[in-house]
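Here is a short report on one protein model. It covers loops, helices, the core and ring pairs.

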Amino acid sequence: QELAKVYYQKAVNGPNDRARLAAYANLGLVYLKANEPDSAYHYFFTARENYLKKDTTESRILFNLAVLNSNLGSVEYQRNNYQEGLQLVKKSLKIAEKLKSKTFIAGAYLKLGEGYTALNQSDSAIFYYQKAGELARSIGYFTILSDAYHYLSDYYALEGDFENALLYYKK
């Protein structure tokens, strides 16, 4: 991680705008993985603000904005600010829907389920886990499908609904 920080810091100060924005986002990821949400937020926010100054009708720019909003949502989850995190993930989802990016949409549904789980809003969590699973299954996105089924199995087990817990566990 330390070596990654050194190289990304160099890119942040470099002349290439695309590389600089990617470095900001990647530094955010490094700090997010290191459980340093304030630093992660700084880098994701800086990248997002710079992308917002660009042509936001361009799909590449929109996709990066969706990713950055999702990552900022993850930072807020890490800070236990789940309401704020949900709002950021919903922004991300809206952009992904505009881009018709089914893989990103499935991931956003999963992340919404995680936020609602943390807020003990079971009905909303289940709704989004099921949507994530359905969409992931339809496009063959097995990582998200596996995660959605795992969360659904855990939820039903905690509720004492072992029949449904086993059903999702076996899927």
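Lys100 sits in the loop between helix 5 and helix 6. Helices here are DSSP runs of H or I with at least four residues, strands are E runs of at least two, and both are numbered from the N terminus. Phi of Lys100 is positive, near 60°, in a residue other than glycine. Lys100 is exposed, with a relative accessible area of 66%. Buried means under 20% relative accessible area, exposed means over 50%, and partly exposed lies in between (1.4 Å probe, protein chains only).

The model is predicted: local features need pLDDT of at least 70, side-chain atom pairs count only at pLDDT 80 or more, and totals for chains, interfaces and linings use all residues. Residues are numbered from 1 along each chain as its sequence is written, and side-chain values use heavy atoms, leaving out hydrogens and water.

Asn80 also has a positive phi, near 65°, and is not a glycine. Asn80 lies in the loop between helix 4 (59-78) and helix 5 (82-99). At 53% relative accessibility, Asn80 counts as exposed.

Helix 7 comes next. Its 18 residues (122-139) should span 26 Å at 1.5 Å a residue, and the end C-alpha atoms are 26 Å apart, which agrees. The expected span is 1.5 Å times one less than the number of residues. Buried residues in helix 7 are Ala125, Ile126, Tyr128, Tyr129, Ala132, Gly133, Leu135 and Ala136. These buried residues pack against helix 6 (102-118) and helix 8 (142-158). Gly140 follows helix 7 with a positive phi, near 75°.

Now the core. The largest nonpolar core has 51 residues. Such a core is a set of buried Ala, Val, Leu, Ile, Met, Phe, Trp, Tyr and Cys residues joined through side-chain atoms within 4.5 Å. Phe44, Tyr109, Leu112 and Leu152 have the most contacts inside this core. Helix 2 (17-33), helix 3 (37-52), helix 4, helix 5, helix 6, helix 7, helix 8 and helix 9 (162-170) each give two or more residues to this core. Beyond its neighbours within four places in sequence, Leu152 contacts Ile126, Tyr129, Gln130 and Tyr168. Contact means heavy atoms within 4.5 Å.

Val30 belongs to helix 2. At 12% relative accessibility, Val30 counts as buried. Setting aside neighbours within four places in sequence, Val30 is in contact with Gln1, Ala4, Lys5 and Tyr8.

The rings remain. Rings of Phe, Tyr and Trp (its six-membered ring) pair if their centres lie within 6.5 Å; planes under 30 degrees apart count as stacked, over 60 as edge-to-face and the rest as tilted. The count comes to 12 aromatic pairs. Phe63 and Phe104 form an edge-to-face pair, 5.5 Å centre to centre, with 75° between the planes. Phe63 lies in helix 4 and Phe104 in helix 6, so the pair ties together parts 41 residues apart in sequence. Phe127 and Tyr128 have ring centres 5.0 Å apart and planes at 85°, so this pair is edge-to-face. Ring pairs link Tyr109, Tyr116, Phe127 and Tyr128 into a cluster.

Relative accessibility of the paired residues:

| Residue | Relative accessibility | Class |
|---|---|---|
| Phe63 | 36% | partly exposed |
| Phe104 | 15% | buried |
| Phe127 | 41% | partly exposed |
| Tyr128 | 16% | buried |
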